[in-house]
Amino acid sequence: MSEYPDRPVYIIDDEQYILQSLEAVLRTSGINNVVTCNDSRNVLEMILQKPPSLVLLDLTMPHVSGEVLLPELKKLYPDLPVVIITGVNELSTAVECMKNGASDYLVKAIENTKLLAVVKKSLSINDLKKENSLLKKSLLSSSDDVDDAFKSIITESRSMQSVFRYLTIISGTNQTVLIRGETGTGKELTAEAVHKASGREGEFISINAAGLDDAMFSDALFGHKKGAYSGADSNRPGLIDKAAGGTLFLDEIGDLSSGSQIKLLRLLEKGEYYALGSDLLKKASCRIIAATNCDLESLMEEGVFRRDLYYRLSAHEVTLPPLRQRREDIPLLIEYFTLKISTELKTAEPEIKSSFIKRVSSLDLPGNVRELTTILNRCINSAADGILSESLLAKIVPESEIASDESSGSEYFQEVVFPENLPQLKEWSNILVDEALRRSGGNISSAAALLGISQPALSKRLAKRS
């Protein structure tokens, strides 16, 4: 089972029963990376060897008091959240602790719900600071490094590489990711690459939500106990159990029923669930990545898709551009899939004419890579002479779907007419941004992909203009 958070939560108190009580509360809520210390003299050495994500610190202790430790902890780790837990209910003491860098102040005995709310808030803020630091470092860096997990996806597209760089940065977080894009753009491949890049020890488990009614969705995700319903002859773990410590990929999320949306929202909010027919509360330890080819904005306007669920699913959001916006990838894909298909068919690899590649590259391909592989399959099976030619393609694909030579590649090779007085570079930048927003219908993620920059970088540009 993977540990959460990545760095431990330290509980520092000289009373053993308090350490055990607080640790039990955290562990039962899914915070399982906990270190306790009942001798304050050992604290600084311990955290230097194993840096914390959060410290719960008692004020009144023998040897070294919490009031002495607090400034020392903040000196070593200025951004470290330190929550004071003490029996001293004095305003002046609380104020002094906050001045010295404490993030919160709790008085014993603390209600479990209050403790967990403060701890989870502190961890969330810490995660955001870490993530912002990584994003800032990436945006200021000229490095084009993409995790090796993404290099198995065939592309030379700058917009795709931009998406992969962003996903490389956020892959190690526990936050949700929403991958948008037309059918056949590689959403599941991308999700699996995020999982591999994250280094999570658990499995990558995938489920397609399309066509699942509420009962099927609940059973698939949460599992059931023997006797939960007619035909439930034995206990069956759900996909959340199977993805423990790993990633659960929910495809076609826009097709979820309203009942399933509510259940998924509760899972994301609480991190807890019940198997069908069971009263045993379970903790989810998998990361969730979702994908859709639907226009979620329209579905939300119509009241078909919940806005609160969208916000929970889209802590990070990317849009994969369709093939017609990255036609430079089509020749690479033709070569790859021609070899793959002919190997599977146990036939000689066919000769590919340049005119064939040119014609295929001129197709709109609304089904993207999926449609491309179908066309290649048909062509290879029909190529009696072992040659993939323009005339063969014309027999497989209706002429109406093939663009003329004049329009071929027009989306990325257009003649630019310059005015007599050239605009400044800043003006050209604004023109490109406006055009990308127009083409993407105002979707910032899609516009950023078209421009070959990250979504945060485009958002920053837009903020400066407003």
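Which residues in helix 8 meet which residues in helix 10? The structure examined here is a predicted model, in which local features need pLDDT of at least 70 and side-chain atom pairs count only at pLDDT 80 or more, whereas totals for chains, interfaces and linings use all residues. Residues are numbered from 1 along each chain as its sequence is written, and side-chain values use heavy atoms, with hydrogens and water left out.

Asp-214, Phe-217, Ser-218 and Phe-222 in helix 8 meet Gly-259, Ser-260, Lys-263 and Leu-267 in helix 10, contact being defined as heavy atoms within 4.5 Å. By class, this contact of helix 8 with helix 10 comprises three nonpolar, three polar and two charged residues (Ala, Val, Leu, Ile, Met, Phe, Trp, Tyr, Cys and Pro count as nonpolar, Asp, Glu, Lys and Arg as charged, and the others, Gly among them, as polar). Helices (H or I, at least four residues) and strands (E, at least two) are DSSP runs numbered from the N terminus. The axes of helix 8 (residues 214–222) and helix 10 lie 9 Å apart at an angle of about 25°, where axes are lines fitted to C-alpha atoms, for helices over the stretch in contact, and angles run from 0 to 180 degrees between N-to-C directions. Helix 8 and helix 10 are therefore roughly parallel to each other (angles under 35 degrees count as roughly parallel, over 145 as roughly antiparallel, 65 to 115 as roughly perpendicular and the rest as oblique). Their crossing is right-handed, that is, the near helix is turned clockwise from the far one by less than a right angle.

Helix 10 also contributes to the largest pocket, giving the most to its lining, with four residues. A pocket is an open set of points on a 1 Å grid over the protein atoms alone, where a 1.4 Å probe fits, with protein on both sides within 12 Å along at least five of seven lines; lining residues have an atom within 4 Å of a point. The largest pocket holds about 1,300 Å³ of space, and among its 37 lining residues Tyr-4, Asn-174, Gln-175, Leu-268 and Cys-286 lie nearest the centre. Grid points are joined across faces, edges and corners, and the volume is the space filled by probe spheres set on the points. At least two lining residues come from each of helix 5 (112–140), helix 10 (258–270), strand 13 (287–292) and helix 12 (307–313). The lining divides into ten nonpolar, 16 polar and eleven charged residues.

Helix 13 (residues 330–345) and helix 15 (residues 368–382) have axes that come within 10 Å and cross at roughly 55°, which makes helix 13 oblique to helix 15. The contact of helix 13 with helix 15 contains nine nonpolar, four polar and no charged residues.
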